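Please open the model in your viewer and keep the sequence panel beside it, so that each selection can be followed in both places. The tour begins once the structure is on screen.

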Amino acid sequence: MIKHRPNKSGPAPQGCPLESSLKLLAGAWTPKILWYLRTESRRFGDLKRDLGNISAKVLTTRLKELEKRGVITRTVMHTSPPTVEYALTALGHKLGPILEAIAEVGGEISKMEAKGMLPKLAKEKAEALYA
């Protein structure tokens with residue numbers, strides 16, 4: 001009979017803050033939007049170009065969600081034509097090191113896949129994540 005081993009990590013924190021953070025980052029396009037905002041504020045058109053094949057509707061939806069959650073700010077510039085700039089809040093800046101760590105691990109995974117040490121994620125599956 002297999003002996004039960006107790007979990008050394010202890011119980012998950014109440015209300016699991018890890019889950020809250022992952023929910024925020026799990027939205028389609030969200031990690032990339034935060035990535036492009038981590039060093040400077042960006043205008044809507046700049047973000048759209050940075051992200052490539054994202055539709056204006058999807059980008060608008062994601063930006064509104066992030067603003068509602070207190071991760072970014074939206075500033076209307078009174079110019080002609082009017083422009084809007086998006087920037088990270090203090091909370092949003094706290095996500096920067098997390099995104100950089102995820103990118104570093106992703107780079108290591110890609111190298112391991114290239115060497116055949118890990119099965120490659122199907123290109124269709126990867127693209128579906130950002131559809």
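**A walk through the sheet and a helix pair**

Begin by selecting strand S2 (residues 72–77) together with strand S3 (residues 83–88), which pair in the antiparallel sense over six bridges; two strands pair if DSSP finds at least two bridges between them, and strands (E, at least two residues) and helices (H or I, at least four) are DSSP runs numbered from the N terminus. This is a predicted model, in which local features need pLDDT of at least 70 and side-chain atom pairs count only at pLDDT 80 or more, while totals for chains, interfaces and linings use all residues. Residues are numbered from 1 along each chain as its sequence is written, and side-chain values use heavy atoms, with hydrogens and water left out.

Next, follow the hairpin of five residues that joins S2 to S3. Select valine 76, whose bridge partner in S3 is valine 84, and then threonine 75, whose partner in S3 is glutamate 85.

Now widen the view to the open sheet, where three strands lie in the order S1-S3-S2 with antiparallel pairing. Strand S1 (42–43) and S2 are the edge strands, each pairing on one side only.

Finally, select helix H2 (residues 30–37) and helix H4 (residues 56–68), whose axes, lines fitted to C-alpha atoms over the stretch in contact, come within 11 Å and cross at roughly 75 degrees. That makes H2 roughly perpendicular to H4, a term for angles of 65 to 115 degrees. Where they meet (heavy atoms within 4.5 Å), show Thr30, Ile33 and Leu34 in H2 against Leu59, Arg62, Leu63 and Leu66 in H4.

How values were computed:
Axes fitted to C-alpha atoms, helices over the stretch in contact; angles between N-to-C directions. Parallel < 35°, antiparallel > 145°, perpendicular 65-115°, else oblique.
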